[in-house]
Structures are given as structure tokens and as C-alpha cells.
Amino acid sequence: MRRGVLGDDRGGVTVEAAVAVCGLVAVLVLGMAAVMAVVGQLRCTDAAREAARLVARGDGARVAGVVEALAPEGARWTVRREEDTASVEVAFSRLGVELRAKAFAVMEPGVVGG
């Protein structure tokens, strides 16, 4: 049996399988990153919503604890009060992706002046 100039095809399937496995791993990693980004965004949204409710009720001292418990680790937050509204923005950055969530609440009647 004579071999051609380039040899036979033995090992070709192994290379194709290795490339396919690398492609599958890349898709899996990107999928997991997307899921983690969605989870991070939801956690920021929950933290902003709960913090805005606390500020609107006049319990602003508990905002830091609630945001630290609900938001992803390392998240930053800003609380703003304007006349009869309160807004809280929670931001989180990881691997160059910035996630932000903002929530508004109307101040309770007894808290507006406080």
C-alpha cells in the first residue's frame, strides 16, 4: 500500500473532535457568563427596590445592611431624596461589565419633612 504525498487521514477525527470540544467549552463559558450577568442584574434591582422602600419609610439607617445583603459583593449605591421621592441606584462592575439598577419610591407622609 502506497501513501500519498501528504500521508493518510489517520488522526483527522481526533483533531476535529478536539476543535469541537473547545467550541463547546467556549459556548458553555459564554452561557454561564450571561446567566451570571442576569443574576447580578436581578440582585442589583432587588437591592435598589428594598433600599428605596426603606428610605421612603424613614428607615435609611438600614439601607447599607440591606444593599450589602442583597446586592452582589462590591456593589456601590447612591441614595437621593428630593421633596417627596426617594431614589436608590445600585451599581456593580465585574470584568468590564457595568450593571446598574435604579428604584424610586414616594416618601411616606410623616417622613417627607424629615
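The protein chain holds 2 helices and 3 strands, where helices (H or I, at least four residues) and strands (E, at least two) are DSSP runs numbered from the N terminus. Read along the sequence, these elements follow the pattern α-α-β-β-β. The model is a predicted one, in which local features need pLDDT of at least 70 and side-chain atom pairs count only at pLDDT 80 or more, while totals for chains, interfaces and linings use all residues. Residues are numbered from 1 along each chain as its sequence is written, and side-chain values use heavy atoms, with hydrogens and water left out.

We can begin with the strands. Strand E1 (residues 76-82) and E2 run antiparallel and are joined by 7 bridges, and two strands are said to pair if DSSP finds at least two bridges between them. The hairpin of E1 and E2 has 2 residues between the strands, and Glu83 there takes a positive phi near 45 degrees. On its other pairing, E2 meets E3 in the antiparallel sense over 10 bridges, and these two strands also form a hairpin with 2 residues between them, in whose turn Leu95 has a positive phi of about 55 degrees.

Strand E2 is largely enclosed by the rest of the structure, because 7 of its 10 residues are buried; here buried means under 20% relative accessible area, exposed over 50%, and partly exposed in between (1.4 Å probe, protein chains only). Across the protein chain of 114 residues, 25% count as buried. Ser87, which is found in strand E2, is buried with a relative accessible area of 9%. Not counting residues up to four places away in sequence, Ser87 touches Thr78, Val79, Arg80, Lys102, Ala103 and Phe104, where contact means heavy atoms within 4.5 Å. Ala103, placed in strand E3, likewise counts as buried, at 12% relative accessibility. Leaving out residues up to four places away in sequence, Ala103 touches Ala48, Arg49, Ala52, Ala86, Ser87 and Val88. Ala103 and Ala86 are 17 residues apart in sequence, and their C-alpha atoms are 8.3 Å apart in space.

Of its 23 residues, Val55, Val63, Val67, Ala71, Val88, Val90 and Met107 touch the most other members. H1, helix H2 (63-70), E2 and E3 each supply at least two residues of this core, and the largest share, 8 residues, comes from H1. Val63 is in contact with Ala51, Leu54, Val55, Trp77 and Val79, leaving aside its neighbours within four places in sequence.

Finally, there is the largest pocket, which contains about 360 Å³ of space. On a 1 Å grid over the protein atoms alone, a pocket is an open set of points where a 1.4 Å probe fits, with protein on both sides within 12 Å along at least five of seven lines, and lining residues have an atom within 4 Å of a point. Of the 13 residues that line this pocket, Ala33, Met36, Ala37, Phe92 and Arg94 are the closest to its centre. Helix H1 (12-57), strand E2 (85-94) and strand E3 (97-106) each give two or more residues to the lining, and the largest share, 6 residues, comes from H1.

Key
Points joined across faces, edges and corners; volume = space filled by probe spheres on them. Core = buried A, V, L, I, M, F, W, Y, C linked by side-chain atoms within 4.5 Å.
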